[in-house]
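Open the model in your viewer and keep the sequence panel beside it. Each stop below says what to select and what is there.

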Amino acid sequence: MTTVGDVVEVLETAYPPELAESWDAVGLVCGDPAEPVSRILVCVDPVESTVDEALELDAELIVAHHPLLLRGVHGVPASTPKGGIVHRLVRGGAALFCAHTNADAADPGVSDALAEALGLTVVGPLAPNPDGRTGIGRIAELPAAEPFEKFVARVAAALPATAGGVRAAGAPDRPIRTVAVSGGAGDGYLEAATRAGVDAFVTADLRHHPASEHLAAPEVPALVDVAHWASERPWCEQVAAILRDVLGGNVDITVSNRCTDPWRFSG
Ligand SMILES: [Zn+2]
């Protein structure tokens, strides 16, 4: 019999909690480590639609990237959106585990999954920890240089479609061979990508001023901005592979098929 606690142990070996940022909240959010698990759902966001999916599947555990409860919480009344989710999970017999910045920093982690989905070979972390192996973002390479326009089409084809699509800033014919990637919001790593001397930087949630100021400087990476959810979705397959590898045939592992990008359509 596999328990919630057994799965947590596998996940905390792959994504050590000590790699999480100090402000983060990772680990088991609700659920009993002693309870048995036969089905697991892996998703980016622990929200109503993925909780629906988990309960429809009779999953006893949801593994999510984003924390459900990040800031100080003084109660979980079912009349609030997050308290309602906690109640549904507990009543439905499903535990929730989150691996957030620890999954970003781990090797392999969120950005390795993104790089792999894009057909890139990882060279090392973009913002390395002192061990030189873990850290946020990755520097990676294409097998051969290709024009930026073609690279952007590659990104769009590799990631799930979203309302916001893929936005690009840079000359369409610029040759791209080295690429920095950072799953999730990557504003904070624009300078690291420039210092790395890469041809392009793929990330999410780039804002007007940081992007515009970055592009005004000479010899900076071209920018590719994708939906936050889409940039982290490849990580779900990585988690599923790690769990299948360790837990074998004892547990059914499903990657969520729900799009939890908050943007639903474009005008
Ligand atoms: Zn994220």
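Select helix H9, residues 228-247. Both His228 and Glu232 sit in this helix, 4 residues apart, about one turn of the helix. Helices (H or I, at least four residues) and strands (E, at least two) are DSSP runs, numbered from the N terminus. This is a predicted model, in which local features need pLDDT of at least 70, side-chain atom pairs count only at pLDDT 80 or more, and totals for chains, interfaces and linings use all residues. Residues are numbered from 1 along each chain as its sequence is written, and side-chain values use heavy atoms, with hydrogens and water left out.

**Stop 1: the zinc ion**

Buried means under 20% relative accessible area, exposed over 50%, and partly exposed in between (1.4 Å probe, protein chains only). Glu232 counts as buried, because its relative accessibility is 2%. His228 counts as partly exposed, at 22%.

Now show the zinc ion. Which protein atoms are the donors of the zinc ion? They are His66 (NE2), His228 (NE2), Glu232 (OE) and Glu232 (OE), lying 2.0 to 2.4 Å from it. Donors are N, O and S atoms within 2.8 Å of the metal (3.2 Å for Na, K and Ca); water is not among the atoms, so sites may look incomplete. Along the sequence, the spacing of the donor residues is H-x161-H-x3-E.

Check the angles next. The 4 donor atoms subtend 56 to 128 degrees around the zinc ion, which makes the arrangement irregular. Four donors count as tetrahedral if all angles lie between 85 and 135 degrees; four count as square planar and six as octahedral if opposite donors are over 155 degrees apart and all others between 65 and 115; anything else is irregular.

**Stop 2: the sheet**

Select strands E5, E6, E8, E9, E10 and E7. In that order they form an open sheet of 6 strands with mixed pairing. Strand E5 (121-128) and strand E7 (167-169) stand at the edges, each with a single partner strand, so one side of each has no neighbour in the sheet. On average, neighbouring strands of this sheet are turned by 25 degrees against each other, direction ignored. Two strands pair if DSSP finds at least two bridges between them.

Zoom in on strand E6 (residues 135-147). E6 and E8 run antiparallel and are joined by 6 bridges. Pick Ile139: its bridge partner in E8 is Ala180. Then pick Pro147, whose bridge partner in E8 is Pro175.

Step across to E9. E8 and E9 run parallel, joined by 4 bridges. Val181 stands opposite Val202 in E9.

**Stop 3: helices across the sheet**

Show helix H6 (residues 148-158). H6 lies across E6, E7, E8, strand E9 (200-204) and strand E10 (222-226), and runs at about 125 degrees to E6. Return to H9. H9 lies across E8, E9 and E10, at about 95 degrees to E8. Axes are lines fitted to C-alpha atoms, for helices over the stretch in contact, and angles run from 0 to 180 degrees between N-to-C directions.

**Stop 4: two loops**

Select Gly165, in the loop between H6 and E7. At 28% relative accessibility, Gly165 is partly exposed. Not counting residues up to four places away in sequence, Gly165 touches Asp225, Val226 and Ala227. Contact means heavy atoms within 4.5 Å.

Next, select Asp187, in the loop between strand E8 (175-185) and helix H7 (190-195). Is Asp187 buried or exposed? Asp187 counts as buried, at 18% relative accessibility. Leaving aside neighbours within four places in sequence, Asp187 is in contact with Asp205, Leu206, Arg207 and Pro210.

**Stop 5: the whole chain**

Zoom out. The protein has 9 helices and 11 strands. Its radius of gyration is 19 Å, close to the 18 Å that the globule rule gives for 267 residues, so it is as compact as a globular protein of that length. That radius is taken over C-alpha atoms; the globule rule is 2.2 Å times the number of residues to the power 0.38. The C-alpha trace spans about 55 × 40 × 30 Å along its principal axes. Of the 267 residues, 49% count as buried.

Finish at Gly5, in helix H1 (residues 4-14). Gly5 and Arg207 are 202 residues apart in sequence and 40 Å apart in space, C-alpha to C-alpha.
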